[in-house]
Every structure is written in structure tokens, then in C-alpha cells.
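Please examine the sequence and the structure shown here before reading on. The paragraphs that follow lead through the arrangement step by step.

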Amino acid sequence: MHYSMMWIPALGIIVWGLSGWMITDGVNQKIRFKWIARLIGLAGGFVCGCIAIIIAISTIDDDKFTSTKTTSTVEAPKTKVLDLTPEILEERMNSNLKRLDSKFKVHFNVEKHEHGSLATYVFNDNNNMMITIDNESGKIKGIVMFTSGDGTIISGFNTLNIALSTVSSTLGDDEMKTGKSSDIVTGLIKHSYKDDEVFESGIRYSVLTDKDGVTTFFIGPQ
């Protein structure tokens, strides 16, 4: 595997771990046997990790590696990114969350690696987020949100506010007034879109909900 592609399996492993932990925690509250919950979390997390890898691969242009007859130099693949940096996403999300009267305030701690950067944020036990960043441009390659409600109204509002503020932030500054982000989030939650995905302004939004109640939102370039 080319070194510049190493961030893709790393992303899959992180998604596997985060979603597996959330699934296990949710199942533990419903059944008595913890070993069964761990198995379910392991399997469910693995599925989410595989989906994250597939989406990550889709952000790489088709002309991945090219070489010429006059030189043996291999060019790095062109990576598709959102027109958004972690700093701008953080600023917009906090502004949106404040308008929604949410208590959450986001701060991304970016961990820079040789071939890509990662940042995570844990809102609470039921909601967390991970973003992948292109080192060259400093822009976001993908956003993954994990949510698992506990059945309460407050939990539902928390999930909705996080999803709304995130989707709105990817569509532009002060976008919430247009209502487009609300339509997208509502459609995803209700599974109204074909294949549980929708495209808007060159951005792909999709959702995966497993039988244990963990909903994973994916956002990335089209």
C-alpha cells in the first residue's frame, strides 16, 4: 500500500472503535449478558468502519497514481476535500449551537500525522464526532457523527441540534436561515432519501442506523 493511503485504514480502525464502544454501551443497558453486548458492538463497529473506508476511498480521484516514461516519480493522488477547515467548522458550529440554545461548545484538537490529520470531539456519552483533514490544503476530507439516543426527549434534541449545526456549517456561514440543512437532516433521520444519501452543493450526506439504535452520519465531498 502506498504510504499516502495509510490514513484510510487508520480511519476505519478509529470508526470501528468509536462506534463499537457506543453500540456496546447501548446494548449493555438492554441486556444482562455483557459478553453478548461486546460481540454485538464488535460486529456493528466493524460494519461502520468498513463503510467509513469505502467513503474515504471515494474521496480519492480516479487518476490515483500516474507516472511518465521519462521519470520514475509517482505522483500522489489528488484528494477531494470540503471547502472548509476545522477552524471554520468549529466557529460555525458553535454559532449554530448557540442559536439552537444548545449547551454544547465544540473544540477540535487536531492530531497531525504524516499523511493526514484527525480530530475528534465527544459531546457526551451519546454523541461524538470525528473529522479527517488533508495536510496539504488544511481542509476537511470527511466528517463522521455517531449518535445513540437514550430514549429521552433531551437526548433526541441533542442529536438533532448537533446534526443540524454540523450540516448547516458545511453549507455556508449563517445558512440555517435558509432551512436547507433542516430538510437534509430531517430526510436522513426519516430515511426519506434513496440509499439513505443526498447531494447538495457538491457535498454528499448519508446516514446509517443499526438495529441497536446507533445512527452514524457521514459527510464528504461528492
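Predicted model: local features only at pLDDT ≥ 70, side-chain atom pairs only at ≥ 80, totals over all residues.

The side chains of lysine 177 and aspartate 174 meet in another salt bridge, at 3.3 Å from N to O. Here lysine 177 is exposed, with a relative accessible area of 66%, whereas aspartate 174 is partly exposed, with 30%. These two residues belong to a network of salt bridges that links Arg99, Asp174 and Lys177. The count of salt bridges comes to five.

Seven of them form an open sheet in the order 1-2-3-4-7-6-5, with antiparallel pairing. Strand 1 and strand 5 (197–200) stand at the edges with a single partner strand each, so one side of each has no neighbour in the sheet. On average, neighbouring strands are turned by 15° against each other, direction ignored.

Along this order, strand 1 (residues 109–113) pairs with strand 2 (residues 116–124) in the antiparallel sense over five bridges. A hairpin of two residues connects strand 1 to strand 2, and valine 110 stands opposite alanine 119 in strand 2. Strand 2 also pairs with strand 3 (residues 127–133), in the antiparallel sense over seven bridges. Two residues lie between strand 2 and strand 3 in their hairpin, and valine 122 faces asparagine 128 in strand 3. Further along, strand 4 (residues 140–147) and strand 7 (residues 215–221) run antiparallel and are joined by five bridges. Phenylalanine 146 has threonine 216 in strand 7 as its bridge partner.

Helix 4 lies across several strands of the sheet, including strand 2, strand 3 and strand 4, and runs at about 170° to strand 4. At 1.5 Å a residue, the 19 residues of helix 4 (residues 153–171) should span 27 Å, and the end C-alpha atoms are 27 Å apart, which agrees. Just after helix 4, glycine 172 takes a positive phi of about 140°.

Key: Residues numbered from 1 in each chain as written. Heavy atoms only, no water. Pairing = 2+ DSSP bridges. Helix = DSSP H or I, 4+ residues; strand = E, 2+ residues; numbered from the N terminus. Expected span 1.5 Å × (residues − 1). Axes fitted to C-alpha atoms, helices over the stretch in contact; angles between N-to-C directions. Contact = heavy atoms within 4.5 Å. Salt bridge = Lys/Arg side-chain N within 4 Å of Asp/Glu carboxyl O. Buried < 20%, exposed > 50% of the residue type's maximum accessible area, 1.4 Å probe, protein only.
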